[in-house]
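Work through the exercises below with the sequence and the model open beside you. Each one sets a task and then follows with a solution in steps.

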Amino acid sequence: MNFRIGLCSISFRNLSPTEIIENMKMAGLSYIEWGSDVHAPIEKAEEIAILQKQHNIICCSYGTYFVLGATPLNELEKYINAAKILGTNILRVWCGNKNSEDYTEAEKSQLFAQCKSAAKIAEQHGVILCMECHNNTYTNTKEAALELMRAINNEFFKMYWQPNQFKSDQENYEYASLLSQYTVNIHVFNWNGQKRYPLKDAKTVWQRYLTCFNNKSFLLLEFMPDDKIESLRAETEALKEIYQ
């Protein structure tokens, strides 16, 4: 396996983009997913793009907080434009704001209609919208995520994947296996419920997960086991040991 590895900036919301980049370089990372909430809001995209160029850092995705079914669809192009300024054609968005089982048929129909409209906008701009694989969204289960992907059926409308810390390793593996063909990027961490652990302790589990994916995906470290920037180097080394 020869995945490309990077970092999600939201791992360190208390640090500046410059501080994050400096520590990334010390850890040997050159790819980043900028979060739109703190580090790379739309209005700062050009500033961040200049910073990237100065430090030879590549933005591999734009982690937005655009919520399909909640955020007005006419705001999507603003995020797309910001992503292009940052140099990426991949945007992380959220599909809905509650679990799939909590949607009525009418709500689901409305949500899917907006997803189809968003996919068409993405196609027009040549970008890929990736749904966050997360609780409290429509893609909280593998069955719902697969249903969504098949219903939208657009190569510009895809998925992210990450293990669900409240499900078993086997359940997470089954989700990864089922959705792998739709998955663009992968968020990497080692959690169990509310507790976080070093990534090195989950080497075997993650090696199994990665058998589901091709090596075109980015593996993006998301949060440290202790929230400390000093742990980035060790987590990076653990991730390299997992996929090499």
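**Exercise 1. The second largest pocket**

How much space lies in the second largest pocket? Describe its lining as well.

Solution. The model is a predicted one, in which local features need pLDDT of at least 70 and side-chain atom pairs count only at pLDDT 80 or more, while totals for chains, interfaces and linings use all residues. Residues are numbered from 1 along each chain as its sequence is written, and side-chain values use heavy atoms, with hydrogens and water left out.

On a 1 Å grid over the protein atoms alone, a pocket is an open set of points where a 1.4 Å probe fits, with protein on both sides within 12 Å along at least five of seven lines, and a lining residue has an atom within 4 Å of a point. Grid points are joined across faces, edges and corners, and a volume is the space filled by probe spheres set on the points.

Step 2 gives the volume: the second largest pocket holds about 210 Å³.

Step 3 turns to the lining, which consists of 15 residues, with Asp169, Asn190, Trp191, Asn192 and Tyr209 nearest the centre of this pocket. Two or more lining residues come from each of helix 6, strand 8 (191–192) and helix 7 (203–210), where helices (H or I, at least four residues) and strands (E, at least two) are DSSP runs numbered from the N terminus. Helix 7 contributes the most, with 3 residues.

Step 4 sorts the lining of the second largest pocket into 8 nonpolar, 5 polar and 2 charged residues; here Ala, Val, Leu, Ile, Met, Phe, Trp, Tyr, Cys and Pro count as nonpolar, Asp, Glu, Lys and Arg as charged, and the others, Gly among them, as polar.

**Exercise 2. The largest pocket**

Which residues lie closest to the centre of the largest pocket, and how does its lining divide by residue class?

Solution. Step 1: the volume of the largest pocket is about 290 Å³. Step 2: its lining has 22 residues, and those closest to the centre are Trp94, Glu132, His134, Gln162 and Trp191. Step 3: strand 4 (90–95) and helix 6 (169–179) each provide at least two of the lining residues. Step 4: by class, the lining of the largest pocket comprises 10 nonpolar, 8 polar and 4 charged residues.

**Exercise 3. The nonpolar cores**

Which residues of the largest nonpolar core touch the most other members?

Solution. Step 1 defines a nonpolar core as a set of buried Ala, Val, Leu, Ile, Met, Phe, Trp, Tyr and Cys residues joined through side-chain atoms within 4.5 Å. Step 2: in the largest core, of 80 residues, Met131, Leu148 and Trp206 touch the most other members. The largest share of this core, 7 residues, is supplied by helix 4 (residues 105–125). Step 3: another core, of 7 residues, lies apart from it and includes Tyr31, Cys60, Phe218 and Leu220.

**Exercise 4. Two positive phi values**

Where are Phe223 and Asp227 found, and what are their phi values?

Solution. Step 1: Phe223 lies in the loop between strand 10 (218–221) and helix 8 (232–243), and Asp227 is found in the loop between strand 10 and helix 8. Step 2: phi is near 70 degrees for Phe223, a positive value in a residue other than glycine, and about 65 degrees for Asp227, which is not a glycine either. Step 3: Phe223 is buried at a relative accessible area of 17%, whereas Asp227 is partly exposed at 44%.

Terms used: Buried means under 20% relative accessible area, exposed over 50%, partly exposed in between (1.4 Å probe, protein chains only).
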